[in-house]
Amino acid sequence: MKVLNKRNILTLIIIVAIYALVQVLITTKVISSFYEITIATICINIILAVSLNLVTGFTGQFSLGHAGFMSIGAYAGALVNMSMKSTTGFLIGIILGAIVAAIVGIIIGIPTLRLKGDYLAIATLGMAEIIRVVFLNMEITNGAAGLNGIPRFTNWLWLYVFTVLTLILISNFVKSSQGRACISIREDEIAAESMGINTTRYKVMAFALGAFFAGIAGALYSSYFYFINPTMFGFQKSIDILVIVVFGGLGSMTGSVIAAVLLAVITTLLQSLSSLRMIIYALLLIVIMLFRPQGLLGTKEITDMFKFGKKYERVE
Amino acid sequence: MSLLTVEKLTKSFGGLTAVSNANMHIEKGELIGLIGPNGAGKTTFFNLLTGVYAPTSGSIKLDVNGEKKEISGLKPYHVTKIGLARTFQNIRLFKDLTVLDNIRIAMHQNVDYKLPSALFRSNKYYEEEERLKKEAEELLDIFKLTHKKHEIAKNLPYGEQRHLEIVRAMATKPVLLLLDEPAAGMNPNETVQLTETIAKIRDEFDLTILLIEHDMSLVMKICERIYVLDYGTMIASGKPEEIKNNKRVIEAYLGEDV
């Protein structure tokens, strides 16, 4: 088993340590239930931002419909969970939500991913609206009133497990040959195709994977906040996710994580300022974009900082 | 038996016929030049061979292990898979990626692991990635770019970027290599180096090469046969000396009554 190398074992230890630390802080009430909501928001936003980053940052396909996939996961998860009120039901709901979202991603991706740039953005926007309107008009989703009384199974453990899982799997994907194929599409689609890369296939693959994880985030969301309705997953939600991705840096997973944490913390801190909050938030974004148009981290990752070997070779 | 057979290839864009009834055949191991005045349709011809455009009519057949395959109308990635690789007139490297990644991306079609292996890092993933890195480094070694493997492609000097594009095309393991104006924008010194590289590729990798070029010194020096395209029609073909003295070629380049 080559997975069990020094680096991966070290990563595993760090992952478990962070889990234990936060769990202890929650149990000892250092983190109050008010801040627990912030933590839940952060985890869900990380999953959403990293999965959108795979589509927009790494593959270079500008999508404005990520909330659509999230809503599919949210509804699927909620419906399963409401008829099966147990942890098993919760987990089945998450997986089902993710799979349905991925399938919808493939179905929508095949025709729309022929488009480029702003045209694709408009098409994905339309697609998310269609998904929203479908939920608005279906009987099973209870229309505009939405679903109420979804049992809460999402807690720190599950939030953390799925966030870490998302980060590991997407990071693995990006560093694989398939992931490099996606990145080459962002860099130069014509050259990529001339190098033997089936660009449509990899665009759809990235899109479906992104939708899969957005579905997970949606299911976690509905199970945490008891209540969902179609308006929660409108255009505004897609923009919120996109802001995190752009803020952190298109093509940097670490950037998305840091941005998700930072923006959630800022929102929480500014809560007392009520109406002034949105102005400060907007100003902050403008300032960051003026001084760092490539986002906080550009395309850099935290792991880049630990590659001493690479630097040594460069000196040679 | 010829490696590439092009018959009556035609491409029209609305009323404009960019390539009309062009024929070409290339034997295995040959080094062929394609020349012509500006706007003659050379790059369109390349784009037809590589699948960027689908031809209006005509056929393009590539011989793969004794089997003739029709490649006209196939998608570019499919054509590359069959064994035809190219470079571009305006460099099209993955310019924000490292030299090594540029090569590894081109090796993608020969990678033997699937999505689940990539996501969950199976042993196969590690083995294949190791092999990929080794092969990429060997290739860079041959072209003396090893010391630059972690360099971002856009930071390389112009001449090396051109070289890297050729190496990248080689990484797809082609049987026929198409070079679109490889010496464009190079100084005489770099052109000499490039000439050596092209000759080396052909000899060491047992490759067949077709190149478009404006630099006559390069074409006349290394090409065994030359095709001349003018207004979309092949007006001449033959050995360099024959082309030099061909009346129609001189007319095409310099006008009549010269």
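This briefing covers the contact between chains A and B, and then the fold of chain B. The model is a predicted one. In it, 27 residues of chain A are in contact with 30 residues of chain B, and chain B itself contains 10 helices and 10 strands.

**Contact between the chains**
- On the side of chain A that touches chain B, at least two residues each come from helix H6 (156–174), helix H7 (177–187), helix H8 (189–194) and helix H13 (308–315) of chain A.
- H7(A) gives the most to this side of chain A, contributing seven residues.
- By residue class, the side of chain A that touches chain B comprises 10 nonpolar, eight polar and nine charged residues.

**Overall form of chain B**
- A compact globule of 258 residues would have a radius of gyration near 18 Å, and the 19 Å of chain B agrees with this.
- Along the principal axes, the C-alpha atoms of chain B fill a box of roughly 70 × 40 × 35 Å.
- Buried residues account for 43% of the 258 residues in chain B.
- Of the contacts in chain B with a separation of 6 or more, 65% are between residues 24 or more positions apart.

**A four-stranded sheet in chain B**
- Four strands of chain B form an open, antiparallel sheet in the order S2-S1-S4-S5.
- Strand S2 (16–27) and strand S5 (67–70) of chain B each have a single partner strand, so one side of each is left without a neighbour in the sheet.
- Neighbouring strands of this sheet are turned by 20 degrees against each other on average, direction ignored.
- Strand S1 (residues 2–13) and strand S4 (residues 57–64) of chain B run antiparallel and are joined by five bridges, with Leu4(B) standing opposite Leu62(B) in S4(B).
- Helix H1 (residues 42–50) of chain B packs on the sheet, where the helix touches S1, S2 and S4 of chain B and its direction makes about 65 degrees with that of S2(B).

Technical notes
Residues are numbered from 1 along each chain as its sequence is written. Chains are lettered from A and ligands numbered from 1 in the order in which they are written. This is a predicted model: local features need pLDDT of at least 70, side-chain atom pairs count only at pLDDT 80 or more; totals for chains, interfaces and linings use all residues. Two residues are in contact if their C-beta atoms, placed from the backbone, lie within 7 Å. Ala, Val, Leu, Ile, Met, Phe, Trp, Tyr, Cys and Pro count as nonpolar, Asp, Glu, Lys and Arg as charged, and the others, Gly among them, as polar. The radius of gyration is taken over C-alpha atoms; the globule rule is 2.2 Å times the number of residues to the power 0.38. A residue is buried if 20 or more other C-beta atoms lie within 10 Å of its own, exposed if 12 or fewer, and partly exposed in between; C-beta atoms are placed from the backbone. Two strands pair if DSSP finds at least two bridges between them. Axes are lines fitted to C-alpha atoms, for helices over the stretch in contact, and angles run from 0 to 180 degrees between N-to-C directions.
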